[in-house]
Amino acid sequence: MIVNIGPSHPATHGTIQIVAELDGERVVRTDVHCGYLHRGFEKECESHTWHNLIPYVDRLNYCSALINNFAYCETVETLMGIEITPRCRYLRTLFSEYSRLADHLTCVAASLMELGAMTAFLYLVTIRDYIYEHLANATGARVTYSYGRIGGLANDLPAGWLERLAEILVQYEDFVGRVHGLMDRNRIYIDRMRNVGVLTAADAVNWGYTGPILRSTGVPRDLRKDTPYLAYSELDFEVPVGIKGDNYDRYFVRMREMDESVHMIHQLMNMLPEGPVSVDDRRCVLPDKQLVYTEIESLINHFKLVMDGPQVPAGDCYAAHESANGELGFYIVSDGSGTPWKVHVRAPSFVHMCGAHRMLDGYQLADIVPTFGSINMIGGECDR
Amino acid sequence: MNTALLESLRDALAGDGREASIAQGLVVVELAADALLATVGKLKAEHAFDLFLDVTAVDWPQREPRFDVVWHFYSTRDFVRVRLKTRVPADDPTVDSLIGLYGSAHFMERECHDMYGIKFRGNPDLRPILLYEGFEGHPLRKDYPKRLEQPLVPYRK
């Protein structure tokens, strides 16, 4: 029998369709269809200035929009030959880890709720909501922040932000501790998760998996360790790996990664240097407002940056960050004018959908929901 | 960034009609379309490029041949990336498929076929993936108008 799961199903968050061929309750073969959220992101990018794309890249992985911002900005900065300021480097690292925390909280909370663990869900989204409010305080938005800028950040931290951060991290320990207590040794949970959706390490590499899913199979690959960018080379952290590559390992790898993120944020709070958050480079950063009002050069500069955008030298560049889901890469091509010739996103969710059948085939129909939840497919970046 | 490693890779990959260089911390190899499978086989077998990251195309309508097809690979042993680039003409935009070497090539080749109309010889499943059955044209080609819509169900007046 053939059963359509999705695209409009509460557990296929972000609209995806899984066509499952069943033998009784057992899934024999699945065909995953994506594209229901395709909105022509890459086409749209080709008719705006480089700066105008930042709100668009927010909407790729909308659970951790800041990581998209920073990965995109770094790709453009590499092509322009810009080195960001030390304060910006540490702040971007801090915000990346904070976003990863929010993203993993969302993923774990959603997949627990789908198994009926409503209490654990509420604990996790409570702490996520503290994070959203707190990020809104720094960036002005709850979900899609548009906080990165080519050459820096939109603004520095508001007063008292780090104090509130310390409070939230204490509350995080409390709430996540309760979830560990509820779930880790829960018989029902283990029965649904252990040995379900098993992925071998060789399969994971062959099907292009990166991020927590690859690490859950026991492969300790993490771009933050392997090709350190931003300030990661100065931080002390571990790369948690799983043993079996099943749903339970994916849950646990994410939980452990959140602890590592918190550990990194604690270090970064003490390392933050003083100084400007944006480079002093008139090719991409707006001049000081006071100067725009008083001298003609700055006025012209401001006008040119807003109307024509930063002029990126001709060439192409690929840069990747370890996003919450895996390798998020931007491949950009510039023809030297103010608008991108091409912006391509290597979105981890899209690649992960390609090999999803390796985790779904051979298990029960009811296992599709927890397994799909543990992949953390984000429609925004999968379908673009 | 391991410069010595990148240089040795560049030297190993140059020759046989391939041009290799180093740009922004990765090795860039420009090659003829028919040398693709042999080069990727060598990358995977001899240099441990086991992770296939990405394939996409770049459209240069004024240029002949018109398309660049671009692949990215990553080595989980050496932590380096390599980019392969080849040029294909508009009247026969065909390259070899990599699905025999990397499972992850399936969807990415389908996407590239959707968006640019690049044909991947040997990939039997090039159904639309981000677009839908019956969609005409290839939206990321520069001659596809951005505002052209092809609704499956006519809009209500």
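**Interface of chains A and B.** I looked up the area buried between chain A and chain B, which is about 3,600 Å² (the accessible area, with a 1.4 Å probe, that two parts lose on being put together, summed over both), and carbon and sulfur atoms give 59% of this area. The model is predicted, so that local features need pLDDT of at least 70 and side-chain atom pairs count only at pLDDT 80 or more, while totals for chains, interfaces and linings use all residues. Residues are numbered from 1 along each chain as its sequence is written, chains are lettered from A in the order in which they are written, and side-chain values use heavy atoms, with hydrogens and water left out.

I then listed contacts (heavy atoms within 4.5 Å) and found 41 residues of chain A against 42 residues of chain B.

**Charged pairs.** For salt bridges (a side-chain nitrogen of Lys or Arg within 4 Å of a carboxyl oxygen of Asp or Glu), I noted 7 across the interface of chain A and chain B. One that I looked up joins the side chains of B:Arg81 and A:Glu327, at 3.1 Å from N to O.

**Cysteines.** I searched for disulfides (a pair of cysteine sulfur atoms within 2.5 Å) and the count over all chains came to 0. A:Cys73 is in no disulfide, and its nearest cysteine sulfur, that of A:Cys88, is 8.4 Å away; A:Cys73 is also buried, at a relative accessible area of 0% (buried means under 20%, with a 1.4 Å probe and protein chains only). I noted A:Cys382 as buried, with a relative accessible area of 0%.

Conventions. Buried < 20%, exposed > 50% of the residue type's maximum accessible area, 1.4 Å probe, protein only.
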